[in-house]
Amino acid sequence: MKHIRLGTLDVSRIGLGAMGMSGVYTGHGTDDAESLRTVHRALDLGVTLIDTAEIYGPFVNEELVGRAVRGRRDQVVLATKFGLVSHTAGNGVRGTADSSPANVRAAVEGSLRRLGTDHIDLYYQHRVDPNTPIEETVGALAELVTEGRIRHIGLSEAGPGTIRRAHAVHPVAALQTEYSLWTRDIEAEILPLLRELGIGLVPWAPIGRGFLTGKIRSTDQFDATDRRLTNPRFTEENLRRNLALVDEVEAVAAEAGATPAQVALAWLLAQGDDIAPIPGTKRVSRVDENTAADGVELTADQLDKLDRLTPAAGARLEAEMSQLVNL
């Protein structure tokens with residue numbers, strides 16, 4: 001597995017997103033044994049970047065990841081996130097941004113305990129807190145760096161102004177945001193800014209929440225509690241229109257002798273040596289498929305075809321979630 005740098009942090013250029021292992025993404029049941037095998041297989045294949053968050057579960061995903069890396073901690077760049085659970089409001093209010101210094105302190109102690117480690121390699125603010133100046137939040141994170149509790153600071157779904165102000169207080173190693181063949185908004189302003197400042201990019205949903213695999217042809221395939229049912233791109237009309245995009249990806253995959261998921265990841269990797277996507281899965285077979293994208297070399301003609309894909313139909317996020325991004 002090739003490596004890249006997120007700021008000064010060395011990581012495998014394909015990581016592993018652990019969110020779906022705790023039943024967050026779909027309504028299907030969890031299988032901790034298979035999830036543990038999946039993390040172990042990823043490590044065996046050279047993946048170092050494992051991504052989780054306290055909100056996943058909440059809390060149980062960090063516990064699962066902690067169990068998975070026990071005995072192999074020195075092989076792992078552990079990334080987790082805070083800010084969507086308020087530890088200063090009773091028993092914890094979920095789904096509201098809270099990045100006050102007091103909440104940062106409480107959150108990191110819980111994450112360290114659940115992950116079974118004495119430090120977090122990459123600690124992200126999950127969403128920008130409109131009620132706490134980013135300078136205060138990053139100041140609190142900088143103190144944790146000095147204390148050795150965290151090694152690097154990250155932001156997630158932050159806007160250009162916030163990124164620049166945060167980086168002025170303490171170097172930001174990475175921005176996590178959605179970026180894929182069907183979500184390319186960041187190319188206009190955010191990606192150039194990251195490169196100006198020397199900040200790495202960690203794309204989540206790099207395979208379009210599974211859609212770019214070509215396996216999803218109808219919402220009838222989803223469990224009734226699958227979160228994609230509320231996503232604008234998966235409404236019946238938009239999904240039908242977006243199938244044209246998938247067909248184009250499948251055509252390139254046939255040329256390249258790869259799967260559509262591998263092509264989607266290979267395209268991302270070709271966008272620069274400062275990008276480390278974190279495809280999420282809870283299955284060993286998918287880790288095998290995704291990590292093999294590290295060896296897929298797309299031709300200039302294939303990259304050009306992918307750059308000119310039919311634009312996606314529908315907003316990338318639900319209206320409620322859209323209010324928490326690009327702040």
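Predicted model: local features only at pLDDT ≥ 70, side-chain atom pairs only at ≥ 80, totals over all residues.

Residues are numbered from 1 along each chain as its sequence is written, and side-chain values use heavy atoms, with hydrogens and water left out.

On a 1 Å grid over the protein atoms alone, a pocket is an open set of points with protein on both sides within 12 Å along at least five of seven lines, a cavity is a set where a 1.4 Å probe fits but cannot get out, and lining residues have an atom within 4 Å of a point. A volume is the space filled by probe spheres set on the points.

Strand β10 (residues 172–178; a DSSP run of E, at least two residues) gives the most to the pocket lining, with 3 residues. By class, that lining has 6 nonpolar, 3 polar and 5 charged residues, where Asp, Glu, Lys and Arg count as charged, Ala, Val, Leu, Ile, Met, Phe, Trp, Tyr, Cys and Pro as nonpolar, and the others, Gly among them, as polar.

There is 1 cavity of 30 Å³ or more, and the largest cavity contains about 40 Å³. Its lining includes Ile-14, Leu-16, Val-47 and Pro-279, and divides into 6 nonpolar, 4 polar and no charged residues. Helix α9 (residues 284–291; a DSSP run of H or I, at least four residues) supplies the largest share of the cavity lining, 3 residues.
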